[in-house]
Amino acid sequence: MKLKIAVLPGDGIGPEITEQAVKMLKSIADRFDHDFHFEKASVGATAIDQFNNPLPEATLDLCKESDAVLFGAIGHPKYDNDPSAKIRPEQGLLRLRKELGLFANIRPVTTYSKLIDLSPLRRERIEGVDMVIYRELTGGIYFGEKSLNEEDTSATDVCTYSVMEIERITHLAFKAAQKRRKKLTLVDKANVLETSRLWRKTVTAIAKEYSDVQLDFLFVDNAAMQMILNPKQFDVILTENLFGDILSDEASVISGSIGLLASASVGKKNALFEPIHGSYPEATGKGIANPLAAILSAAMLLDHFHLTEEAKAIRDAVEISINLNICTQDINNEYHYSTEKVGDFLDGLISEVDNSFIN
Ligand code: IPM
Ligand code: MN
């Protein structure tokens with residue numbers, strides 16, 4: 001298969017982890033005889049430094065004309081500590097999601113048997129967890145009107161959802177549930193928010209088209225608690241933008257590290273693949289960032305193009321590296337492998353070469 005892949009490493013650890021993901025895709029292309037073409041572009045704080053724009057037009061154009069986007073991470077502390085900054089790195093990612101129409105963000109959460117006892121959560125609670133979060137990505141409070149009054153004494157963020165925005169992701173979530181354990185949980189705050197009530201009404205109506213799927217509802221505060229108390233109850237979680245952002249970071253504790261959670265953001269035409277974690281500025285350049293979330297995002301990219309065997313080759317390699325403790329220190333303080341060493345080990349497995357150099 002021929003694919004043009006835009007690579008947007010972004011900020012902080014973004015370039016280091018993306019490099020490993022690209023390495024995997026190159027090995028996959030070699031082994032399975034595909035033609036993957038990679039082109040890099042600038043985004044985020046890096047793009048602000050260079051072009052005074054977190055999403056330069058050339059980057060946007062490249063993404064639009066590519067088959068897929070591989071995204072690293074975004075964000076820089078100098079903006080986090082400056083609330084009055086008008087141009088911010090995150091605007092680059094948000095605009096990219098909007099411009100590409102990436103309305104559904106898919107975040108799978110599973111466990112690895114080797115890591116279960118490293119979790120702060122008890123084995124019996126998390127063993128066997130297998131869920132996927134469908135997070136709406138181009139609406140809600142993230143994209144509503146924002147304002148700050150002149151005296152800086154009052155600020156507003158508006159949360160809006162249209163039926164159309166709710167419907168399109170709901171269909172995807174139901175279809176995913178049909179292929180899984182046939183359970184869909186809508187997470188909202190319908191006891192308080194009007195937008196949440198619209199979500200409930202819309203999702204309930206659509207449920208009639210998917211009668212084989214069991215639909216239930218949870219308020220987001222309760223869902224946050226259930227995620228820790230009994231995460232096995234979840235199959236597909238469907239939720240709005242902000243709730244999905246928060247719940248997926250929480251869910252990463254189940255897997256063992258936020259450095260393991262991958263995501264796919266899809267729309268009608270384009271697709272983008274990125275780890276759910278941020279730019280981890282403290283780790284930049286130290287070689288300690290976990291490349292697995294980026295690598296597993298590359299596996300989701302392959303799945304998106306129905307390259308199932310190829311995606312499996314990556315996931316199997318990840319599983320092997322975890323089983324052999326070839327991991328970065330976020331997984332366990334005793335592990336000392338660098339970002340690049342983990343990537344090299346996986347690369348060796350994928351290209352089926354001798355890996356004995358690793359120890
Ligand atoms: C994520 C990130 C982004 C979000 C930030 C960087 C804008 O936290 O992808 O989860 O909030 O969507
Ligand atoms: Mn997030």
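**View 1. The shell around ligand 1 draws its largest share, three residues, from helix α5.** Helices (H or I, at least four residues) and strands (E, at least two) are DSSP runs, numbered from the N terminus. Ligand 1 is surrounded by Ile74, Gly75, Glu90, Leu93, Leu94, Asp245, Ile276 and Gly278, where a residue counts as near a molecule if its C-beta atom, placed from the backbone, lies within 6 Å of it. By class, this shell around ligand 1 holds four nonpolar, two polar and two charged residues; Ala, Val, Leu, Ile, Met, Phe, Trp, Tyr, Cys and Pro count as nonpolar, Asp, Glu, Lys and Arg as charged, and the others, Gly among them, as polar. The model is predicted, and local features need pLDDT of at least 70, side-chain atom pairs count only at pLDDT 80 or more, while totals for chains, interfaces and linings use all residues. Residues are numbered from 1 along each chain as its sequence is written, and chains are lettered from A and ligands numbered from 1 in the order in which they are written.

**View 2. The chain is divided into domain 1 (1–109 + 259–359) and domain 2 (120–255).** These bounds come from an automatic or database domain assignment, and 24 Å separate the two domain centres, taken over C-alpha atoms. The contact takes 16 residues from domain 1 and 21 residues from domain 2, two residues being in contact if their C-beta atoms, placed from the backbone, lie within 7 Å. On the side of domain 1 that touches domain 2, α5 (89–99) and β4 (104–110) each supply at least two residues, and β4 gives the most, with six residues.

**View 3. Ile314 touches Met24, Ile28, Ile295, Ala298, Ala299 and Ile350, not counting residues up to four places away in sequence.**
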